[in-house]
Amino acid sequence: MQPQNITILGATGSIGTSTLDVISRNAEQYKVFAVSGYSQIEKLVEIACQFSPEYIVTADKSLASKLFQALPDSHKHSCQIKFGVEGLEFIASHPKTDTVMAAIVGAAGLKPIMSAIRASKRILLANKESLVMSGELFMRAVKQHNATLIPVDSEHNAIFQCLPDDYCYGDKASSGISHLLLTASGGPFRTMPINLLDDVSPEQACAHPNWDMGKKISVDSASMMNKGLEFIEARWLFGLNAENIKVVVHPQSTIHSMVQYVDGSVIAQMGNPDMRTPIAHALGYPKRVTSGVKALDFFNLTDFSFEAACPKRFPNLFLAMQACEKGQAATTALNAANEIAVDAFLNEQIRFTDIYKLNRIVVEHFSEQALADISQVIQHDLLCREYAAYKVQELSD
Ligand code: NAD
Ligand code: MG
């Protein structure tokens, strides 16, 4: 059988690297057709040498020419280099692309993912921000273009595995679902005295106890905005109402999420916390492929505990739940504000606890607009970013 052609958007990041690792373990089944990376030229050269993709996409023209110079002669002509959003859209929708791994971080992922959707591709979705930004429009486009969407985010991939095989989007009643349980680790600040949160550093926020991830999602995990984004993501991926989704803190990250049924059964997906498991599941679905992840050792599991999320410690989670109730403009605003806030925190312009303040202010100001199509979503996103950046200046003065 011909190997499947995989395009990896965000191949130089944490999810991208894990995807390449899983592909290298299953080389007869998958071929890396195209990759993108923003500015990490060295990593792109390594990927080119190991996987020989037909296309590589960088952020802009000058990085593209830097990449060309850095490629060994043997790869200079076997691989085409493109750049910018057009380059990303080109590889995401290329006729030879079978499957797109969507692993760019943040709103920058939306346009190329929409191109993949319009080209009816099989999309493995790690980039949750695109769905939070454009929920109903995104899911409508998937349906309209008969694209296939498989969740990679570990919680959503777990839920996908725990749902009945014939689960019909949004049909909670005939599937016998009571509710979804999204698990959360609680991140690095779960037990820190709340009054110390004002002064935590970016390094502390990025030091996640269980998962090794990119910086933005690490900060989101520390503030629990990540679980908030995932709450909204679950609402759209599975077509359920907010009241059918609960969050439970499970510090060991052994259960990756659960589905509770009306007969009292709870189905959970478990494993060691390593993103190669959901990536391998999404790549192989409906078959299973090896991932390189160690088997879970039940004889050496120590604690196995659960608790509720504290609203005082994790106000971002509850803000996201409220935004989900308010609707599309509010979740687009929340995502935009959070990207600006996390960036400002990582650059030490604002405090960790300012992330919530900024997010709340922007959501309060930009929740009412009607967003009829993706271009309006993008406009709204830009407006919210401008306002958030202006508020960062105020907070950092
Ligand atoms: P990362 O920061 O490690 O990698 C991000 C990738 O996106 C890199 O390849 C980078 O070059 C590219 N990129 C960054 N800005 C870009 C831009 N403006 N235009 C084009 N490309 C750009 O991030 P990550 O941790 O791999 O996360 C990627 C996505 O997957 C995020 O949406 C995150 O929420 C989601 N996710 C990550 C994990 C994880 O364990 N890392 C788990 C679940 C979901
Ligand atoms: Mg997750």
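1. A polar contact is a pair of N or O atoms within 3.5 Å; inside a protein, one of the two must be able to donate a hydrogen and the other to accept it. That definition applies to threonine 183, whose side chain reaches the backbone oxygen of histidine 256 at 3.2 Å. The side chain of threonine 183 also has a polar atom 2.9 Å from the backbone oxygen of isoleucine 255. The model is predicted, and the distances in this note should be read with that in mind.

2. Where is threonine 183 placed? Threonine 183 belongs to strand 8, which covers residues 177-184. Its relative accessibility is 4%, so threonine 183 counts as buried, the cut-off being under 20%. Setting aside neighbours within four places in sequence, threonine 183 is in contact with Glu155, Lys227, Val248, His250, Ile255, His256, Ser257 and Met258.

3. Glutamate 155 sits in helix 8, residues 154-162. Is glutamate 155 buried or exposed? Glutamate 155 is buried, because its relative accessibility is 8% and the limit for buried is under 20%. Apart from residues within four places in sequence, glutamate 155 is in contact with Leu182, Thr183, Lys227, Glu230, His256 and Ser257.

4. Helix 8 as a whole is mostly covered, with 7 of its 9 residues buried. Which residues of helix 8 are buried? They are Ser154, Glu155, His156, Asn157, Ala158, Ile159 and Cys162. The cover over these buried residues includes strand 7 (148-151), strand 8, helix 12, strand 10 (255-261), strand 11 (266-270) and helix 13. Strand 8 is the element that holds threonine 183.

5. An unreviewed UniProt entry lists a "binding site" made up of Lys128, Ser154, Glu155, Ser185, His208, Ser221, Asn226, Lys227 and Glu230. In the model, Lys227 and Glu230 from this record are both in contact with glutamate 155. Such annotations may be inferred rather than shown by experiment.

6. Histidine 208 is also on that UniProt list. Histidine 208 lies in the loop between helix 10 (202-206) and helix 11 (215-223). Although placed in a loop, histidine 208 is buried, with a relative accessible area of 12%. Not counting residues up to four places away in sequence, histidine 208 touches Ser185, Gly187, Pro188, Met213 and Ser221. Ser185 and Ser221 are listed in the UniProt "binding site" as well.

7. How many residues surround ligand 1? The shell holds 22 residues, and the closest are Thr12, Ser14, Ile15, Tyr38 and Glu129. By type, the shell divides into 11 nonpolar, 8 polar and 3 charged residues. An oxygen atom of ligand 1 is 2.8 Å from a polar backbone atom of tyrosine 38. For glutamine 40, an N or O atom of the side chain is 3.2 Å from an oxygen atom of ligand 1. For glycine 214, a backbone N or O atom lies 2.9 Å from an oxygen atom of ligand 1. On its own, ligand 1 has 830 Å² of accessible area, and the protein covers 86% of that. Helix 1 (14-25) and helix 7 (128-144) are the elements that give two or more residues to the shell.

8. The unreviewed UniProt entry also lists residues 6-135 as "domain: 1-deoxy-D-xylulose 5-phosphate reductoisomerase N-terminal". Over residues 6-135 the chain is 49% helix and 21% strand. The end C-alpha atoms of this stretch are 25 Å apart.

9. Some backbone details deserve a check. Tyrosine 285 and proline 286 are joined by a cis peptide bond, with omega about 10°. Proline 286 lies in the loop between helix 13 (276-284) and helix 14 (315-326). Serine 52, which is not a glycine, has a positive phi of about 45°. Serine 52 is placed in the loop between helix 2 (41-51) and strand 3 (55-58), and is partly exposed at 36% relative accessible area. Methionine 224 has a positive phi near 65° and is likewise a residue other than glycine. Methionine 224 is found in the loop between helix 11 and helix 12 (225-238), and counts as buried at 2% relative accessibility.

Technical notes
Residues are numbered from 1 along each chain as its sequence is written. Chains are lettered from A and ligands numbered from 1 in the order in which they are written. This is a predicted model: local features need pLDDT of at least 70, side-chain atom pairs count only at pLDDT 80 or more; totals for chains, interfaces and linings use all residues. Side-chain values use heavy atoms; hydrogens and water are left out. Helices (H or I, at least four residues) and strands (E, at least two) are DSSP runs, numbered from the N terminus. Buried means under 20% relative accessible area, exposed over 50%, partly exposed in between (1.4 Å probe, protein chains only). Contact means heavy atoms within 4.5 Å. A residue is near a molecule or strand if one of its heavy atoms lies within 4 Å of it. Accessible areas come from the Shrake-Rupley method with a 1.4 Å probe; for residues, only the protein chains shown count as cover. Ala, Val, Leu, Ile, Met, Phe, Trp, Tyr, Cys and Pro count as nonpolar, Asp, Glu, Lys and Arg as charged, and the others, Gly among them, as polar.
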